Amino acid sequence: MQWLLNLPIVLWRRLLLLLQGLGALAALIGSGIAALFGKGGTAAGRIGAALTSPTGQRRVFALLRLVQPNLVLNRRTISSYENNGITALATRRADVIDILSRDDDFGVVYAPRMKMITGGENFFLGMQDTPRYTRDVSNMRLTMRREDVPVIVTPYVEAKSADIVAMLPGVIDVPQALTQPVAAGLLDRYFGTPGPSEAAIAEWTTLLFWYLFIDLQADPDLDARARVAAADFRAWLDRHIAARRASGEIRDDVLGRCLAMGSADMPGMSDLDIRNNLIGLLIGELPTLSGTANLALDELLNRPEPFAGACAAARAGDDDLLAAHIFEALRFRPLNPVVYRRAMRDTTIAGGWLRRRRIRKDSIVMASNLSAMFDPLAIPDPARFRTDRPWETYMLWGYGMHTCFGAHINRAVLPAMLKPLLARPNLRRAAGARGQIDTDGTPFAQHLHLEFDS
Ligand code: HEM
């Protein structure tokens, strides 16, 4: 009898897939026409902007999930990492999960740029499923322990964010005054690696994250800037590690734990290994936490009811409800809409005549986590902003073996960082362009001015 009960659910989900796809097609045509006859820049530029905006991306994915769930293009979309000029894009949740679970078929591409940054060695995000990967991740997990999150990380972020917001005169440039200083402060308090200044560590990590993950067209100018930043970053960390070791100071932070493991001659924990591991972690920490916090805030500000709900939860101290608002906002605006891999051999993805695709060795395969979080075949009521979704719904920082190393930190830090600000009375955008995200030529929010009643 169970199958009889399941039947209407299955049919309803298929119908939703159809309606979503057709609705997206109509909306895309509408926004395309509006962009064609709009003002400012070229028509092609305006259409491109409409398609790549967060709403545009969701519409394109909704259409693809219906008509071409696994699209294979004879087109080179990435020049920064070696590939054969073919790109596949997977949009349905089942296929995204499948791709990101098959590490022997779809490998990470980042090794060459990781090696440039460290001056020779790979970092574990750039490694395939090897003993070396397991060794390095395990070592760093011993230094960044899950129990640190409630004991060290969250209390620090709560206190620092509350202090910052308490000093504000009723206006704030969120990235500059709150999210970047808190993320940088965590690098000092918890990691023990503050950098020579907040500005320097923010610049290095932002530039190198951009170079590693976002510079898909291999911009030579960015390459030159990344090489300088990497050399400066390495030199500073080498000096910092040597100075801490020479001082004999015992500090219970990530660096202190690394040095203790090195002193115990643990494999993979020489001072050079420690420096390279820390470079990878620091790059992963600052631009991501700061950038993601601003995306969540911006998305909430675009939605009056959820925004009011988040503010009320912050004021009432309902941390679970506040977190639910923030992560649901990020479902609509994740920092990365896709995770990309390279096919390690000739293989296939998915089954059935509509979805099955042959993938040639060295093709780039993009698995869209954004699309996966809106797939009506797997996510109930995907178009609605809901705060009662199970945590497993969210694919905000990767999936599978390379799922974000900072996942537990992210889940705790993002709400803790934003809570004191969201609790301010009558929080609102500043007028005009100042009240919108300004990335200042980088991939991440650098300015976003808000106001509140003091
Ligand atoms: C909200 C903030 C963050 C976002 C959106 C984010 C995003 C991601 C994503 C998408 C991946 C997977 C990349 C792939 O599979 O190709 C990843 C992996 C990783 N992240 Fe994060 N991240 C965040 C915060 C952090 C923090 C705070 C740290 C450091 C403490 C960190 C360190 C790493 C590392 C080391 C990996 C590689 C894990 C592995 O290879 O096993 N990230 N992150």
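## The second largest pocket

In this predicted model, the lining of the second largest pocket draws at least two residues from each of helix H7 (148–166), helix H14 (319–332) and H17. H14 supplies the largest share of that lining, with six residues.

The volume of the second largest pocket is about 300 Å³. Its lining consists of 17 residues, and those closest to the centre are Asp319, Asp320, Ala323, Phe327 and Pro415. Sorted by class, nine of the lining residues are nonpolar, six are charged and two are polar.

## The iron site

The SG atom of Cys404 is the single protein donor to the iron atom of the ligand, at 2.3 Å.

## The largest nonpolar core

In soluble globular proteins, nonpolar side chains tend to be buried together. The largest nonpolar core in this model has 128 residues, and the members that touch the most others are Leu421 and Leu422. Helix H12 (residues 271–301) gives the most to this core, contributing 14 residues.

Which residues does Leu422 touch, leaving aside those up to four places away in sequence? The contacts of Leu422 are Leu297, Phe307, Ala310, Cys311, Ala314, Arg315, Leu322 and Leu427. Among them, Leu297 falls within the residue range of H12, and Leu322 falls within that of H14.

Methods: Residues are numbered from 1 along each chain as its sequence is written. This is a predicted model: local features need pLDDT of at least 70, side-chain atom pairs count only at pLDDT 80 or more; totals for chains, interfaces and linings use all residues. Side-chain values use heavy atoms; hydrogens and water are left out. A nonpolar core is a set of buried Ala, Val, Leu, Ile, Met, Phe, Trp, Tyr and Cys residues joined through side-chain atoms within 4.5 Å. Buried means under 20% relative accessible area, exposed over 50%, partly exposed in between (1.4 Å probe, protein chains only). Helices (H or I, at least four residues) and strands (E, at least two) are DSSP runs, numbered from the N terminus. Contact means heavy atoms within 4.5 Å. Donors are N, O and S atoms within 2.8 Å of the metal (3.2 Å for Na, K and Ca); water is not among the atoms, so sites may look incomplete. On a 1 Å grid over the protein atoms alone, a cavity is a set of points where a 1.4 Å probe fits but cannot get out, and a pocket is an open set with protein on both sides within 12 Å along at least five of seven lines; lining residues have an atom within 4 Å of a point. Grid points are joined across faces, edges and corners, and a volume is the space filled by probe spheres set on the points. Ala, Val, Leu, Ile, Met, Phe, Trp, Tyr, Cys and Pro count as nonpolar, Asp, Glu, Lys and Arg as charged, and the others, Gly among them, as polar.
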